[in-house]
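Welcome! Please take a moment to look over the sequence and the 3D view, and then let us walk through a few parts together.

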Amino acid sequence: MIYIDKVAAWSWARVSHQVSSFLGGDGLAEVDDDGDGKGKDRGGSNAEYDLRFTESVIAATGRDAHPRLREIMPALIRHMHDFAREVDLTVAELMAGVAMINEAGRMSTDRRNETQLICDVLGLESLVDEITSKKLSARTADSSNNINSNAATPSTVLGPFYRVDAPSLANGSSMIAASMLGTPWYERAAPLLARISGQVRSAATREPIAGATVDVWLAGPDGTYEQQDPEQSDMNLRGRLRTDADGRYETYALRPTAYPIPADGPAGRLLGLLDRSPWRPAHVHFLVAAEGYGALTTQVFDAEDPRARGEGGGDAVFAVKEELLVRFEERRGDERARWELRYDFVLREA
């Protein structure tokens, strides 16, 4: 008998240890070496299951179900049930997964989305981003033969550390909070001071877009975002710019640094259990939006970081795209910056 209240009280930290031990024992299903797609049960023989059970679960959907859920839930249920049958999933393993999701939910706030981070390290957000991008490209191409849908800047994942209420900054101002100047943190940041600028344009006309919002955020020199680091001021290295009449934006920030995904949550521990690299290559986040255009969520990656080129384990969230690799150039004659990045964004019409 399973006592659900006891199971619910497990922490993912304890369960992950138990599962790790379980995975190394004789109780785990063997690998499906013959490639027939049938998992092998704990006794070594092929297990047979009643597939009619899955169809009965799907058939329980009512006539007034939400149209989109009616469309997608049968596929979700079939895939989940097929997965459970293929690997001979045990109750202990299922409860470990539930505990992991529960802990991620408890950790998630408007400052950090741990559940989204799990989706990231499993490649799900990057895959859904690709699907969404292709659908938008096809729709844009169908709406006008004059629009080159491939001209738009590629999107990529939002990430778990976005904050919706970043401060509005004037073009040319610094994203480094004034309270950080003269601190040990600023001394470590000084070699990375960078000017970041560019233009926002239309994919259809190639004309500049005035009044576009350019939301920017990045980690500090120690690889932590301000909400992770008590040494940093609130909203440090975050800002929301607005393009001028020529569609241009400009800010002072840092050349980014690589960092590992936090190990204090289930996403980080999952990577450990999978013996995977937790590192993300150096990158800057952008969210660009303008009236009449589709919002663009993207990142640019420092091309000099080997992880951005797939080395050293690559990107733990699979977000790097060739078109988003950038090079920071030395900047001279500007006491506010040692590096410079110019990058233009091209938006699709809505």
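Which residues does Val200 touch, not counting residues up to four places away in sequence? Val200 touches Glu207, Pro208, Ile209, Ala212, Val214, Thr243, Gly247, Tyr249, Val288, Phe345 and Leu347, where contact means heavy atoms within 4.5 Å.

Before going on, a word on the model: it is predicted, so local features need pLDDT of at least 70 and side-chain atom pairs count only at pLDDT 80 or more, while totals for chains, interfaces and linings use all residues. Residues are numbered from 1 along each chain as its sequence is written, and side-chain values use heavy atoms, with hydrogens and water left out.

**The cores**

Val200 also belongs to the largest nonpolar core, which has 49 residues. Val200, Tyr249, Leu254 and Phe286 are the members that touch the most other members. Such a core is a set of buried Ala, Val, Leu, Ile, Met, Phe, Trp, Tyr and Cys residues joined through side-chain atoms within 4.5 Å; buried means under 20% relative accessible area, exposed over 50%, and partly exposed in between (1.4 Å probe, protein chains only). Strand E1 (residues 193-202) gives the most to this core, with four residues. A second, separate core of seven residues includes Phe161, Ala219, Tyr225 and Leu287. In soluble globular proteins, nonpolar side chains tend to be buried together.

**The sheet**

Next comes an open sheet of five strands, in the order E3-E2-E7-E8-E9, with mixed pairing. Strands (E, at least two residues) and helices (H or I, at least four) are DSSP runs numbered from the N terminus, and two strands pair if DSSP finds at least two bridges between them. Strand E3 (238-242) and strand E9 (325-326) are at the edges with a single partner strand each, so one side of each has no neighbour in the sheet.

Strand E2 (residues 213-217) is largely enclosed by the rest of the structure, because five of its five residues are buried. Thr213, Asp215 and Trp217 lie on one side of E2, with Val214 and Val216 on the other.

| Strands | Bridges | Direction | Facing residues |
|---|---|---|---|
| E2 and E3 | Five | antiparallel | Asp215 and Arg240 |
| E2 and E7 (residues 283-289) | Five | antiparallel | Val214 and Val288 |
| E8 (residues 296-302) and E9 | Two | parallel | Phe301 and Leu325 |

**The helices**

Two packed helices are described by the angle between their axes and the distance between the axes. Axes are lines fitted to C-alpha atoms, for helices over the stretch in contact, and angles run from 0 to 180 degrees between N-to-C directions.

Helix H6 (residues 114-121) packs against helix H9 (residues 266-273) at an angle of about 25 degrees, with the axes 8 Å apart. That makes H6 roughly parallel to H9 (angles under 35 degrees count as roughly parallel, over 145 as roughly antiparallel, 65 to 115 as roughly perpendicular and the rest as oblique). From H6, Glu114, Leu117, Ile118 and Val121 meet Pro266, Ala267, Gly268, Leu270 and Leu271 in H9. Those five H9 residues, Pro266, Ala267, Gly268, Leu270 and Leu271, are the buried ones of that helix.

Helix H5 (residues 91-107) also meets H6: their axes come within 7 Å and cross at roughly 130 degrees, which makes H5 oblique to H6. Met100, Ala104, Gly105 and Met107 of H5 and Glu114, Thr115 and Ile118 of H6 make this contact.
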